Amino acid sequence: MKRALVAVAALALVAASAAYATKPGSGSSTGTALVFAPNPVQDLGIQTLTDQKDAARAVPQDAYHSVTLTDLDGSGTLSGKWAVVRSTTGTPAYSTTNTFVYDRHQDQFEQVMAYYWITEAQKYIQSLGFGTTLRPVNMRPQAVRINQWGVDNSFATDKQDEIRFGKGGVDDAEDAEVILHEYGHAIHFSQGFQFSTEQAGAISEGFGDYWAVTVTEAIVGASADPECVADWDSTSYTSSEPHCLRRLDEDKKYPTDLVGEVHADGEIWSQALWDIRNAIGNVKADTAILQGQFGFDGGTMPALASDIVAAAKVLYGQATANAVTAAFHDRGIL
Ligand SMILES: [Ca+2]
Ligand SMILES: [Ca+2]
Ligand SMILES: [Ca+2]
Ligand SMILES: [Zn+2]
């Protein structure tokens, strides 16, 4: 009798400590948040904005947009079906009401940016049929890490299976175009894309730049200078206006303008994709591009261009395939 009472008391103690150890969740898959869309410079058209050491006052309140976060797991953290955010700087965002309202000086703001833009990118991919009528593309919770790392760099790694965003200059994850560029690499990893040659690396950089623009234009709407990539992040390392990390309209040609550096050479590829989009619209362009990229063996730009033309033909017929060919032809790729 006495023994049984002791056992019950011990059980109660375990239950009590478990309750204290686990934070209550939100219990809901949706939430509200403030984000940049895609970044303050593009959004407000103010080229003179500067980081000012991450000061909240450096960016006008107009640059913050209220959005709905979706696909959350109900834990009250930024963890969901298509993105899971881990931060090694500052406190992880947490809300029992899924209310994620922060300013850019707060570490949680970048966590929210990463969650929102990656989730929206995956939803956009699924809206094209990937995961239903077509094979899935990176259809899983993408791990994201935001850390100091000291350098102004972000990268996607297939080994750790996560995307990392640095905090040099303007914090990288304050610019949706940087987030989406890195997600572009994650898309390639998920598609079995081989990075075995310099041209394959250039294709991946070019695709990332294009992906940043096509997704933001699809979600935010048309902008004044869409060819400019990472208008906000680049204010900390470019002096001429408009501030751009890279552009989609440098008019580089294959193979004469190849210099052997993946980001520079990627501008040949990104412009071809941009021209395809302008010719046939984002839905057909992005479906054909994603479909053509599956299992790319790491060969040349002309090889992948042919795969994308073939995908366009199967999906939409000869006339659309011809428009895709013309865009690659204008870059000297086909
Ligand atoms: Ca910040
Ligand atoms: Ca930066
Ligand atoms: Ca831009
Ligand atoms: Zn890259």
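User: Which residues have the most contacts inside the largest nonpolar core?
Analyst: This is a predicted model. In it, V112, M113, A114, I118 and I179 have the most contacts inside that core. The core has 86 residues.

User: And which element gives the largest share of it?
Analyst: Helix α3, residues 107–127, with 10 residues.

User: Take M113. What is M113 in contact with, leaving aside neighbours within four places in sequence?
Analyst: The list is V35, F36, A173, E174, A176 and I179.

User: Switching to strands. What is the order in the open sheet of three strands?
Analyst: The order is β2-β1-β4. The pairing is mixed.

User: Why is one side of β2 and of β4 left without a neighbour in the sheet?
Analyst: Both stand at the edges, β2 at 65–69 and β4 at 99–100.

User: How many bridges join β1 to β4?
Analyst: Two. Strand β1 covers residues 31–35, and it runs parallel to β4. T32 has T99 in β4 as its bridge partner.

User: Where does α3 lie relative to these strands?
Analyst: Helix α3 lies across β1, β2 and β4. It runs at about 110° to β1.

User: New topic: P136. Where is the place of P136?
Analyst: In the loop between α3 and β5, the latter being 142–146.

User: Why does P136 count as partly exposed?
Analyst: Because P136 has 14 C-beta neighbours inside 10 Å.

User: What does P136 touch, not counting residues up to four places away in sequence?
Analyst: F130 and G131. As for Q126, it is 10 residues from P136 in sequence. C-alpha to C-alpha, P136 and Q126 are 7.8 Å apart in space.

User: Now the whole chain. How many helices and strands?
Analyst: Nine helices and nine strands.

User: What radius of gyration does the chain have?
Analyst: The chain has 22 Å. A compact globule with 334 residues would be near 20 Å, so the value agrees. The C-alpha atoms fill a box of roughly 85 × 45 × 30 Å along the principal axes.

User: How many of the 334 residues count as buried?
Analyst: 46% of them.

User: Last one. Among contacts between residues at least 6 apart in sequence, how many join residues at least 24 apart?
Analyst: 66% of those contacts do.

Note on methods. Residues are numbered from 1 along each chain as its sequence is written. Chains are lettered from A and ligands numbered from 1 in the order in which they are written. This is a predicted model: local features need pLDDT of at least 70, side-chain atom pairs count only at pLDDT 80 or more; totals for chains, interfaces and linings use all residues. A nonpolar core is a set of buried Ala, Val, Leu, Ile, Met, Phe, Trp, Tyr and Cys residues joined through C-beta atoms within 7 Å. A residue is buried if 20 or more other C-beta atoms lie within 10 Å of its own, exposed if 12 or fewer, and partly exposed in between; C-beta atoms are placed from the backbone. Helices (H or I, at least four residues) and strands (E, at least two) are DSSP runs, numbered from the N terminus. Two residues are in contact if their C-beta atoms, placed from the backbone, lie within 7 Å. Two strands pair if DSSP finds at least two bridges between them. Axes are lines fitted to C-alpha atoms, for helices over the stretch in contact, and angles run from 0 to 180 degrees between N-to-C directions. The radius of gyration is taken over C-alpha atoms; the globule rule is 2.2 Å times the number of residues to the power 0.38.
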